[in-house]
Amino acid sequence: MHGRVKIKSTAQQEEEKRKEREKKLKIYVAARDACFSKRREGVWDDEALQLTQQLLSSNPDFATLWNYRREILLHLETVREEDELQKIYEAELSFLESCLKMNPKSYGSWHHRGWVSARLPRPDWARELSLCDRCLSLDDRNFHCWDYRRMVVKMSGVPVDQELQFTDRLIGSNFSNYSSWHYRSTLLPLLHPESPEPPSPCRQPPQSSPPPSPQTHSHRVCEEQLLKEYELVQNAFFTDPNDQSAWFYYRWLLGRAEREEMISCVYVSREEERVVVAFSRPVNAQSVGLMLVLDGQPQRVEWRSVHPHFKHSPVWICDLPPGTISDITNEHNLTVHWTEKHTHRDCALYTGRNESWCRDSATDQELFRSELSVEKTSVLQSELQSCNQLQELEPLNKWCLLTIILLMRALDPLGYEKETLAHFQTLKEVDSMRSAYYSDLCSKFMIENTILKMEYAEVRVFSISDKKLTTLCHLDQLLLVTHINLSSNLLQRLPPQFAMLQCLEVLEADNNCIENLEGLYHLPKLEEVYLKNNKISKLADLQPLVSCPKLKHLDLRGNPITETTNIQSELAELLPSVTDLLL
Amino acid sequence: GYTTLPANRRRQELIIKSDGLAESVVAAACARVGQRVLHLDRKSYYAGSWASFTFNGLLSWIQEHTLHDWSNLLEDGEEMICLSNTNSAPFKTDKQTEEEQVEAFPSRPQVSWGDRGPHQLQKTCGLNILHCPITQAIQTEGEGPEPESGQPRPSAAPSQSEPVKKKISYAQLLKEGRRFNIDLVSKLMYSRGSLVDLLIKSNVSRYAEFKNVTRILTYRHGNVEQVPCSRADVFASRQLSVVEKRKLMRFLTSCLEETQEEQAFAGRPYLEFLRDQQLGDNLQHFLLHSIAMATEDTPTEEGLASTRHFLRCLGRYGNTPFLFPLYGLGEIPQCFCRMCAVFGGIYCLRHSVHSLLVHKDTNRCKAVIDSRGQRISCSHVVVEDGYVEAARKPTATPTRFLSRAVLITDGSVLSSESDQQVSLVTVPPSEAGGPSVRLVELCPSTMTCMPGTYLVHLTCQSVSSAYQDLSPVVTRMFRTPESHDQEGRPSVLWCLYFNMADGSAVEVEGHDLPSNVYVCSGPDGGLGHQHAIGQAEAIFHKILPEDEFCPPAPNPEDIIYDGETCTSPLGEEGEERGEEEGEGEGEGAGEEEGEGEGGEKEEKEQEEEEEEEEERDGEVQEKQSLKSEE
């Protein structure tokens with residue numbers, strides 16, 4: 001129409017763009033081939049630097065070219081003066097900036113920047129830090145930039161409190177940011193350590209005291225600061241209870257110190273002439289310098305884990321030379337040294353006794369009670385109150401429910417058992433995708449409670465029937481148990497860890513779904529096994545029982561295996577020691 | 001712009017008188033789809049009632065519009081009868097052609113020249129300046145000019161206990177006057193509102209830059225408080241308990257979807273609905289006054305609709321739902337004028353229409369006669385309501401007024417870490433039935449005021465005069481000669497009160513006018529721009545029912561300049577205000593041959609513009625440019 005501005009048609013525009021692209025591609029391919037051939041010939045000149053720059057500025061994710069560039073720069077370092085190098089590297093930095101504009105998440109560019117910054121004769125860390133600030137203000141979750149920032153901070157000794165303020169700011173603008181919360185968790189123990197000694201000077205650059213793992217108990221956060229952090233993180237999860245990052249940070253805040261590394265139990269059996277040692281964490285006893293001293297005499301013994309599956313295990317066994325302790329009228333003193341950790345545990349075997357042990361029980365160590373925290377009860381109590389308040393407003397929020405469960409466990413695991421179970425039930429309903437995870441976690445807590453009850457009762461009987469257990473754990477704590485009742489649960493297997501129950505005589509596991517007995521392995525005292533109504537279907541499934549020399553009673557009623565022809569005779573052949581076989 | 005129209009331009013398809021926002025949008029939209037647009041304005045500046053002024057510009061505007069209130073000359077028992085100032089007769093017969101009838105327009109929007117009582121206001125329209133006191137601060141400096149005649153002098157005596165802080169003097173305001181861009185209209189742009197959508201869709205956004213409003217504040221219990229409205233605000237808020245935080249977030253999330261609950265409240269006040277949500281006083285106040293910006297009687301549907309609009313606008317460009325254009329709102333009509341000019345529209349400032357020539361049988365306007373006696377034929381005419389004489393307006397539409405105040409202050413109403421905050425403050429009515437006042441505080445980085453000052457706009461529906469409506473709020477929130485014991489509050493360095501017609505009360509249909517003459521209402525009192533944009537779109541569709549409203553403008557590189565058609569883009573003639581007559585003529589005459597020139601000129605201007613933008617970069621941080629999708 002008359003008077004209209006004429007505009008190129010879309011087809012025209014497309015065609016122009018296509019031509020443009022083709023032209024670009026030609027140039028790109030030619031430059032790339034030139035780079036490759038130069039590199040093959042080992043040419044490290046300015047032209048190569050030019051060519052790679054051209055290519056990388058349009059495609060900063062070309063790792064080979066970055067490598068080539070580094071080769072060239074390293075070569076230049078050998079032939080150029082320092083001032084000149086400074087200029088070259090500075091130019092490199094501004095070139096990298098343009099690459100980051102092209103792709104702010106380019107692995108190659110960030111890596112190269114770190115490399116250049118470290119080689120720069122006179123680095124300008126302030127500039128690098130402000131670059132990080134700018135990048136993070138554009139995208140506060142760019143983890144490449146977070147990584148680089150940590151490097152810059154480390155190299156330039158930025159004060160810890162300044163970095164903490166930086167995380168304050170980022171969390172303030174958007175708290176859905178794992179990186180900021182995580183960074184906080186590494187800074188706080190440096191700035192506000194738990195120990196009563198005065199806080200480490202802020203001006204001290206971090207490299208002189210590298211950030212210790214926040215889990216290390218000497219570097220927990222002091223209570224005053226903790227309370228502030230609780231407030232901050234509560235603001236976040238009350239504002240948006242569905243945001244995970246705040247909840248994870250909260251879990252970290254509530255988290256407890258790692259257990260002290262120690263020998264938690266030494267057990268000695270006169271009859272079997274052997275020693276069983278339990279540790280606070282899985283170890284490889286063959287390589288940690290374990291030494292057994294019997295009546296003042298170091299013994300040459302061979303340590304083996306309870307099951308060939310385990311290179312690392314919390315429980316290790318050794319056989320004593322035959323005859324050393326077999327005389328019941330003798331008293332013996334045993335010491336196990338963990339030389340690597342400068343710790344040891346003694347155990348006396350008195351006259352007339354067949355066995356003896358020395359240990360710290362789970363109750364002694366407050367193992368489960370402090371699962372969450374080392375904080376004072378009152379603090380945890382008020383945290384529980386806030387969470388309950390939130391739960392009233394948001395009854396179906398899974399993060400809140402889970403945190404309540406953890407807090408309840410930290411406060412009084414037995415007292416809150418009923419509520420805990422009810423919350424688990426809700427959790428499985430609102431978050432059905434993870435119901436198996438909740439079942440396992442619930443099993444774990446039920447086992448912990450049963451261990452506590454057993455220890456309070458000072459018995460060696462562990463009974464946990466009809467609790468919907470789906471998994472077994474803390475089996476190292478059951479080293480001394482002689483009688484275990486797991487009936488009417490949902491167990492599918494007795495895992496290899498079950499072999500840690502070295503004193504077990506009677507196993508009741510009726511009415512489960514057990515199809516695998518791997519864990520009934522070399523249990524020297526096991527006599528009776530009740531497995532009525534389970535899912536054992538093949539003779540091979542019973543193979544592990546062969547290693548239990550004292551097995552006399554075996555109940556397999558209601559298992560598919562009983563349908564097999566000739567089962568009776570085959571079993572008699574496989575397990576000759578069994579005198580009472582119920583099929 | 002032209003002051004005399006070149007001969008070859010005397011046939012137009014569309015003539016637009018006055019250049020408010022709606023008129024400019026219609027002009028741009030029509031030019032964009034190929035209409036020949038002539039834009040005339042009597043005034044020497046762009047944007048009409050939507051204009052932005054420098055400080056000095058505003059002073060002249062005030063002088064031009066000041067009510068010479070000589071009522072103090074009245075003696076007891078006397079009454080004043082005011083005479084109309086317009087000397088153009090309402091009707092004239094033109095002898096050129098017999099079928100045509102001429103309608104004359106008043107040469108300018110009518111300004112009331114009478115008593116400033118509310119009763120008089122009912123009869124006036126246009127702008128109505130009531131008060132322009134020079135404050136104590138200026139007087140103590142002794143540099144203030146004599147108050148203009150007829151202006152009431154503040155009665156308070158200069159106080160001697162001046163604060164330590166060096167006050168900015170009136171002379172400094174004058175000296176730095178060019179740094180001010182003071183809007184007559186105070187509005188904000190909803191980041192998902194019709195104006196932003198239109199700017200993006202039409203590519204007009206490339207002509208302007210924007211800044212986020214950074215805070216929503218409210219005045220409550222004598223204090224200014226921050227209203228937590230985004231997730232980050234709620235998280236950071238210190239005045240809310242964690243439970244309130246949860247309740248607020250839950251309300252804000254859930255209210256985006258319609259519920260059965262709200263239907264039960266249909267027709268009942270939003271306040272009742274909020275009470276039913278058990279939110280507590282704090283949250284109720286925030287939601288009613290600051291987020292829904294409603295009153296106690298607003299019905300639930302309306303309250304929820306505005307709450308939803310507010311929430312939908314959150315987070316698009318920042319933590320509040322609003323944007324503000326750098327250099328003031330007056331930029332926006334200018335941007336559309338520029339688009340119009342790029343597509344061949346012509347601008348004539350200081351040029352008014354004398355009369356319309358109407359074909360009697362068809363009742364269509366065939367041409368207009370301008371103030372210089374030229375006849376310009378046309379197919380459509382768009383006018384602002386202010387140009388239409390009362391007799392031709394639909395009957396029984398009482399004019400409503402807005403009360404406005406403009407303050408220059410020396411500090412923010414709520415100081416914070418950053419001194420570059422742009423704040424919207426909602427001030428609920430202090431007594432039932434009173435107006436709720438909207439206050440927009442602009443910082444220097446919006447390029448509307450000089451460093452060290454804040455520009456504050458107050459707006460409300462007029463209950464009585466602007467001074468009576470707004471000065472109590474000003475007295476409470478700022479330090480003025482009238483306020484006592486206001487330590488710590490920002491001082492008012494200069495202030496202006498005026499009333500203007502509320503465009504939303506103006507009926508734009510049913511005028512006794514030819515069918516191809518369309519009326520725009522002038523600025524309304526709403527916070528957003530929905531009113532003007534909606535009006536512009538409706539007019540456009542009446543003129544060109546088949547065409548698309550503001551399709552995206554092509555990129556400069558996609559425009560073909562070497563075609564055989566005569567209309568090259570005319571460059572940005574609109575930019576050069578007050579161009580000399582001869583030049584205008586010359587350029588117009590040479591137009592047919594000089595096509596290449598137009599193109600070149602445009603490029604050159606664009607380059608200059610870019611340089612200018614770079615310069616601005618240094619000063620302004622966090623500018624927003626609108627993109628169609630982030």
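**Note on the predicted two-chain model**

1. Asn363(B) is partly exposed, as its relative accessible area is 36%. The model is predicted, so that value, like every other here, is computed from predicted coordinates. Asn363(B) belongs to the loop that joins strand S14 (353-359) and strand S15 (364-370) of chain B. Its phi is near 55 degrees. That is a positive value in a residue other than glycine. Most residues other than glycine have a negative phi.

2. Ser488(A) has a phi of about 55 degrees, yet it is not a glycine. Ser488(A) sits in the loop between strand S11 (483-485) and strand S12 (506-508) of chain A. Its relative accessibility is 29%, so Ser488(A) counts as partly exposed. Please look at both loops in the structure above.

3. Now chain B as a whole. It holds 17 helices and 24 strands. Of its 630 residues, 57% are buried. Consider the contacts in chain B with a separation of 6 or more: 75% of them join residues 24 or more positions apart.

4. Asn223(B) and Arg476(B) are 253 residues apart in sequence. In space their C-alpha atoms are 9.6 Å apart. Asn223(B) is part of strand S11 (residues 223-226) of chain B.

5. How is chain A divided into domains? There are domain 1 (19-158), domain 2 (264-359), domain 3 (364-449) and domain 4 (460-581). Take domain 2 and domain 4 of chain A. Their C-alpha centres lie 26 Å apart. In the contact, 20 residues of domain 2 meet 17 residues of domain 4. The size of an interface is often given as the accessible area lost when the parts come together. Between domain 2 and domain 4 of chain A, the buried area is about 1,600 Å². Carbon and sulfur atoms give 63% of that area.

6. Val336(A) is in strand S7 (residues 332-338) of chain A. Is Val336(A) buried or exposed? Its relative accessibility is 0%, so Val336(A) counts as buried. Leaving out residues up to four places away in sequence, Val336(A) touches several others, including Ile263(A), Val266(A), Val277(A) and Leu290(A). Met291(A), Leu292(A), Thr343(A), His344(A) and Arg345(A) are also among its contacts. Val336(A) and Leu292(A) are 44 residues apart in sequence, and their C-alpha atoms are 4.7 Å apart.

7. Two helices of chain A run side by side. The axes of helix H3 (residues 63-79) and helix H5 (residues 107-119) of chain A come within 11 Å and cross at roughly 10 degrees. The angle is under 35 degrees, so H3(A) is roughly parallel to H5(A). From H3(A), the contact uses Trp66(A), Arg69(A), Arg70(A), Leu73(A), Leu74(A) and Glu77(A). H5(A) brings Gly108(A), Ser109(A), His111(A), His112(A), Trp115(A) and Arg119(A). By class, the contact residues are 4 nonpolar, 4 polar and 4 charged.

8. The axes of helix H14 (residues 417-430) and helix H15 (residues 435-457) of chain A come within 9 Å, with a crossing angle of roughly 170 degrees. Why is this pair called roughly antiparallel? The angle is over 145 degrees, so H14(A) is roughly antiparallel to H15(A). H14(A) contributes Glu417(A), Leu421(A), Phe424(A), Leu427(A) and Lys428(A). Among the partners in H15(A) are Ser435(A), Tyr438(A), Leu441(A), Cys442(A), Phe445(A) and Met446(A). The contact has 8 nonpolar, 3 polar and 3 charged residues.

9. Finally, a cysteine in chain A. Cys135(A) is in helix H6 (residues 125-138) of chain A. Its relative accessible area is 16%, so Cys135(A) is buried. Apart from neighbours within four places in sequence, Cys135(A) is in contact with Trp110(A) and Cys145(A). Cys135(A) and Cys145(A) are 10 residues apart in sequence and 7.0 Å apart in space, C-alpha to C-alpha.

How values were computed: Residues are numbered from 1 along each chain as its sequence is written. Chains are lettered from A and ligands numbered from 1 in the order in which they are written. This is a predicted model: local features need pLDDT of at least 70, side-chain atom pairs count only at pLDDT 80 or more; totals for chains, interfaces and linings use all residues. Side-chain values use heavy atoms; hydrogens and water are left out. Axes are lines fitted to C-alpha atoms, for helices over the stretch in contact, and angles run from 0 to 180 degrees between N-to-C directions. Helices (H or I, at least four residues) and strands (E, at least two) are DSSP runs, numbered from the N terminus. Angles under 35 degrees count as roughly parallel, over 145 as roughly antiparallel, 65 to 115 as roughly perpendicular and the rest as oblique. Contact means heavy atoms within 4.5 Å. Ala, Val, Leu, Ile, Met, Phe, Trp, Tyr, Cys and Pro count as nonpolar, Asp, Glu, Lys and Arg as charged, and the others, Gly among them, as polar. Buried means under 20% relative accessible area, exposed over 50%, partly exposed in between (1.4 Å probe, protein chains only). Domain bounds come from an automatic or database domain assignment. Buried area is the accessible area (1.4 Å probe) that two parts lose on being put together, summed over both.
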